[in-house]
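Hi,

Here is the structure for you to look through. My notes on what turned up are below it.

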Amino acid sequence: MSVSFSRRTLARFLGASAVTAGLPRFSYGQPNRPVSPRSFPSGFLWGSATASYQVEGAFKEDGRGPSIWDTFSHTSGKTFQGETGDFADDFYHRYESDIALMKDLGLKSFRFSVSWSRVFPSGTGTPNPKGFDFYNKLVDALLASGIEPYCTLFHWDLPQPLEDKGGWQNRATSQAFGEYAGYVAKHLSDRVAHFMTTNELSTFVELGYGNGLHAPGLKLSTAGVAQAAHYAVLAHGLGVQAIRANAKTGTQVGLAENPTITCPVVENDKHIGAARLAMREENARYLTAVMEGRYTDQYLRNLGAAAPKFTDADMKAIGAPLDFIGINCYEPEYARADGSAQGYEVVKKPTSFPHMASPWLFMGPEALYWGPKLATELWKPKAIYITENGCSSDDVLTADGHCLDTDRVMYLRNYLSQLQRAIADGAPVRGYFLWSLLDNFEWADGYSKRFGIVYVDFKTQKRTPKLSAEFYKATIAKNAVA
Ligand code: PNW
């Protein structure tokens with residue numbers, strides 16, 4: 001009679017070498033089950049992203065003027081417990097030690113944004129060299145550490161004096177943005193090779209001027225929001241022109257947008273076709289307008305009399321060719337073919353759909369596959385960067401000072417696996433910027449939602465890398481999902 005034991009049981013009693021000696025080498029996945037290598041192309045740009053108002057603090061230093069986020073956060077009832085970005089991560093004074101942290105993680109690049117109000121305290125007119133100098137020093141320090149700077153020109157902190165003249169309801173703001181963008185590009189492009197005009201046109205327009213949850217807190221009519229959206233995309237276009245006119249030859253220009261990412265409910269031809277239609281139409285006001293230089297017929301038809309007023313010259317500027325597009329990707333939408341004239345339906349999520357610590361941040365890793373994939377099929381961009389991806393978690397420090405954010409590691413591992421799949425399928429994704437390096441001022445949520453891979457104690461400004469920082473460091477070192 002022969003009794004058979006599992007190898008693990010044998011190993012426990014006899015020691016592993018006794019089991020393997022003389023036996024055929026056991027290896028998962030060979031020869032019939034190939035394991036995906038999960039690796040990224042060599043030279044893949046691993047980075048992390050932040051934004052001026054969310055990390056810098058130093059709200060009154062070196063001649064900085066007020067932005068709409070100063071006004072909004074100092075207005076009672078607008079942010080979680082009245083929190084503001086007055087001090088935030090104090091990055092303005094701590095950037096050197098934070099760069100040392102980035103270096104330790106192995107980051108190849110860092111995406112930051114310039115505060116318009118530091119450079120032009122009144123929005124236009126005379127620049128403030130002292131305020132601008134912070135970005136000179138930041139860029140120099142990044143380069144000295146071998147980290148490539150990626151610069152966003154507008155991440156929502158509009159100078160208050162421009163808002164006082166109508167903000168994004170006023171075409172003059174788009175022109176002012178062009179002048180500001182040209183100035184920054186002229187003075188940084190000797191060291192910065194990549195510029196993004198705007199960050200998430202759709203968020204600052206829809207939340208700032210539509211539902212009023214973000215600065216400046218307005219709730220405009222349908223026509224009002226459509227016109228503000230037009231001036232915002234126009235600012236992007238005028239920004240591209242100004243950067244091309246003022247920057248060093250070869251400077252790469254793009255934007256960072258968070259398109260609605262419509263994943264097919266089921267990955268078959270019928271639903272994939274619907275998802276492609278949906279991705280174009282659902283983003284008609286922003287990314288589609290930028291990539292095609294026109295508003296879709298359906299978008300204009302749906303708005304009717306509320307459609308924005310625009311000229312051919314506007315659309316030409318808006319649609320100017322870009323060197324890359326940046327996709328901020330957090331959560332999925334799902335599209336299905338529903339047999340309607342439109343050809344798709346965006347499916348409402350059941351209440352059981354899982355989300356991260358921010359209620360809006362649904363967990364759908366396939367968004368990081370379908371986002372780049374559908375954008376590539378629709379618009380054939382020269383290059384794509386994932387300019388943001390990450391999540392909030394209810395992070396706490398353990399008694400011995402660790403932050404074990406297993407849910408963030410789970411989120412990142414699953415999303416990155418899908419990004420790897422998109423690249424393997426041919427999407428031209430050149431880099432990935434994790435949002436965010438540090439816990440920071442999460443807009444209307446104040447400091448109540450933590451997105452960093454480094455924990456920040458906002459009382460002491462002490463930084464503690466989380467488990468997710470260790471995961472990201474390992475991923476970068478292997479150039480494969482860890
Ligand atoms: C993006 N929503 O914002 C921004 O670019 C970052 O500044 C921000 O910190 C990050 O994502 C995390 O929120 C969003 O409510 C803020 O749907 C809110 C929403 C989407 C994006």
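The lining of the second largest cavity divides into 2 nonpolar, 4 polar and 4 charged residues (Ala, Val, Leu, Ile, Met, Phe, Trp, Tyr, Cys and Pro count as nonpolar, Asp, Glu, Lys and Arg as charged, the others, Gly among them, as polar). Among those lining it are E56, R64, R118 and D157. A cavity here is a set of points on a 1 Å grid over the protein atoms alone where a 1.4 Å probe fits but cannot get out, and lining residues have an atom within 4 Å of a point. This one has a volume of about 40 Å³, a volume being the space filled by probe spheres set on the points, which are joined across faces, edges and corners.

A caveat: this is a predicted model, so local features need pLDDT of at least 70 and side-chain atom pairs pLDDT 80 or more, while totals for chains, interfaces and linings use all residues. Numbering runs from 1 along each chain as its sequence is written, and side-chain values use heavy atoms, without hydrogens and water.

In all, there are 2 cavities of 30 Å³ or more.

As for the whole chain, 57% of its 482 residues count as buried (under 20% relative accessible area, 1.4 Å probe, protein chains only). The C-alpha trace spans about 90 × 60 × 45 Å along its principal axes.

Cheers

Technical notes. On a 1 Å grid over the protein atoms alone, a cavity is a set of points where a 1.4 Å probe fits but cannot get out, and a pocket is an open set with protein on both sides within 12 Å along at least five of seven lines; lining residues have an atom within 4 Å of a point. Buried means under 20% relative accessible area, exposed over 50%, partly exposed in between (1.4 Å probe, protein chains only).
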